Amino acid sequence: MARIELSNLAHSYLSRPQDRADYALKQMTHVWEEGGAYALLGPSGCGKTTLLNIISGLLVPTQGQVLFDGRDVTHDSPELRNIAQVFQFPVIYDSMSVYDNLAFPLRNRKFPAAEVDRRVRDVAEMLELTDRLKRRAENLTADMKQKISLGRGLVRPDVNAILFDEPLTVIDPHLKWLLRGQLKQLHKEFNHTMVYVTHDQTEALTFADKVVVMYEGEVVQIGTPEELFEKPAHTFVGYFIGSPGMNVLDCHVEGNRAYVGDHQMTLPRGHSLPEAGGKQVQLGVRPEFVTVTGPDQGMPARLERIDDVGRYRIAKLTLAGQQVAAILPEGSEVPSDTAGVSFDPARLHLYVDGHLSEGRP
Ligand SMILES: Nc1ncnc2c1ncn2[C@@H]1O[C@H](COP(=O)(O)OP(=O)(O)OP(=O)(O)O)[C@@H](O)[C@H]1O
């Protein structure tokens with residue numbers, strides 16, 4: 001297992017990048033701890049696969065270094081980096097048995113036969129492939145084949161890291177849920193450094209100890225699922241994590257007071273913001289911390305509609321011309337079209353040009 005360090009890394013697919021917009025990955029420096037389970041989460045095109053391919057050695061970055069345990073591997077092939085990879089679609093040998101497919105990475109590295117057998121059987125057991133070990137891979141379903149791919153990625157005990165690129169895409173939803181749990185279990189057992197690319201927040205939050213949220217080629221936050229929920233470092237994180245995402249409202253601020261339209265609220269901290277200077281100042285509050293009451297309390301808002309999403313109901317309101325979502329407690333009374341809303345003051349965050357402003361204690 002290795003500690004992975006990304007030092008001043010940036011990548012452009014253009015041969016002569018001119019400015020920031022030309023970079024698919026903007027400059028970044030990060031350390032990912034040995035034995036950590038990391039998920040790279042972000043929308044399509046934000047640079048997840050580019051970053052994963054730089055870590056694996058399929059791509060050499062335009063600038064910066066990748067270090068494994070302090071050793072510069074930037075120009076090393078995937079083979080030299082000693083990593084295992086699982087891709088979106090199965091990569092297996094159809095003509096071989098399931099057993100031989102799983103054994104292949106170990107035999108290739110000249111592991112003794114007894115250890116090959118033990119590891120293959122352990123991994124097969126965990127992935128529920130034991131009764132298929134003797135079958136040829138050829139006629140198996142796509143699900144089964146992808147399980148074998150996962151097994152091939154997990155079978156070697158000596159890898160620096162295991163990299164997964166959306167490995168559950170072809171798996172049916174029920175099995176997906178099971179496999180996510182099994183991967184988490186395998187991580188606990190073997191403690192490999194794992195990096196898992198996905199655009200699905202549930203997949204990221206259930207698999208990872210730390211989620212690396214990417215947006216437009218930048219890592220905007222690395223945090224535990226709780227940290228991403230409690231304190232989104234960027235409005236994008238607030239919006240992308242959570243269902244529905246965080247409310248983000250244009251506001252202006254004076255010290256520890258924020259104004260949304262004419263409505264004033266007290267922030268947990270004071271902020272000395274640079275003179276407006278064209279910067280966008282926004283207030284973030286998660287729908288879990290918005291209370292909807294009758295019009296005689298809170299800030300007057302118009303109730304647009306109620307969505308029943310099964311586990312709870314979501315009220316969609318308009319406050320000072322801006323959209324606000326609120327998660328309604330079970331059994332709560334819903335006012336008619338004119339309502340009042342209030343925000344839990346301890347749960348308000350302030351953002352300047354998308355980035356969290358910490359303020360003064
Ligand atoms: N080989 C390439 N040549 C040129 N541009 C590329 C290449 N691969 C990716 N890009 C561009 O780089 C940016 C990041 O792409 P990347 O595939 O890393 O994103 P992603 O987050 O993995 O997206 P997805 O979830 O759709 O796979 C995108 O704008 C993409 O169009």
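# Briefing on the predicted model

Strand S16 (residues 299–308) and strand S19 (residues 338–343) run antiparallel and are joined by 4 bridges. The secondary structure of the chain amounts to 9 helices and 21 strands.

**The chain as a whole**

- Taken along the principal axes, the box filled by the C-alpha atoms of the protein chain is roughly 75 × 50 × 35 Å.
- Among contacts with a separation of 6 or more in the protein chain, 66% are between residues 24 or more positions apart.

**Confidence of the prediction**

- The protein chain has a mean pLDDT of 92, with 99% of its residues at 70 or more.
- Among the elements of the chain, strand S4 (residues 63–68) has the highest mean pLDDT, at 98, and helix H6 (residues 173–190) has the lowest, at 83.
- Where pLDDT is low, the predicted coordinates should not be read in detail.
- For the model, the ipTM score is 0.98 and the pTM score is 0.91.

**Strands S16, S17 and S19**

- Within the pairing of S16 with S19, Met299 has Val341 of S19 as its bridge partner.
- Strand S16 also pairs with S17, in the antiparallel sense and over 6 bridges.
- In that pairing, Asp307 is placed opposite Ile314 of S17.
- S16 and S17 form a hairpin with 4 residues between the strands, and Gly310 in this hairpin takes a positive phi near 95°.
- The loop between strand S17 (313–319) and strand S18 (322–328) contains Ala320.
- Ala320 is not a glycine, yet its phi is positive, at about 45°.
- Ala320 counts as partly exposed, because it has 16 C-beta neighbours inside 10 Å.

**The sheet of S2, S1, S4 and S5**

- Strands of a sheet pair through backbone hydrogen bonds, either parallel or antiparallel.
- In this open sheet of 4 strands, the order is S2-S1-S4-S5 and the pairing is antiparallel.
- Strand S2 (25–32) and strand S5 (71–72) each have a single partner strand and stand at the edges, so one side of each has no neighbour in the sheet.
- Strand S1 (residues 4–11) is paired with S2 over 5 bridges, in the antiparallel sense, and Leu6 stands opposite His30 of S2.
- Helix H1 (residues 48–56) packs on this sheet and touches S1, S2 and S4; the direction of H1 makes about 125° with that of S1.
- Asn8 lies in strand S1 and has a positive phi near 50°, although it is a residue other than glycine.
- Asn8 is exposed, because 11 other C-beta atoms lie within 10 Å and 12 or fewer count as exposed.

**The sheet of S11, S14, S20 and S21**

- A further open sheet has 4 strands in the order S11-S14-S20-S21, again with antiparallel pairing.
- Its edge strands, strand S11 (247–250) and strand S21 (355–357), each pair on one side only.
- On average, neighbouring strands of this sheet are turned by 40° against each other, direction ignored.
- Strand S14 (residues 281–285) runs antiparallel to strand S20 (residues 349–352), and 4 bridges join them.
- Leu283 has Leu350 of S20 as its bridge partner.

**A cis peptide bond**

- The peptide bond that joins Ser243 and Pro244 is cis, with omega about 0°.

Note on methods
Residues are numbered from 1 along each chain as its sequence is written. This is a predicted model: local features need pLDDT of at least 70, side-chain atom pairs count only at pLDDT 80 or more; totals for chains, interfaces and linings use all residues. Helices (H or I, at least four residues) and strands (E, at least two) are DSSP runs, numbered from the N terminus. Two residues are in contact if their C-beta atoms, placed from the backbone, lie within 7 Å. Two strands pair if DSSP finds at least two bridges between them. Axes are lines fitted to C-alpha atoms, for helices over the stretch in contact, and angles run from 0 to 180 degrees between N-to-C directions. pLDDT is the predictor's confidence in each residue, from 0 to 100. A residue is buried if 20 or more other C-beta atoms lie within 10 Å of its own, exposed if 12 or fewer, and partly exposed in between; C-beta atoms are placed from the backbone.
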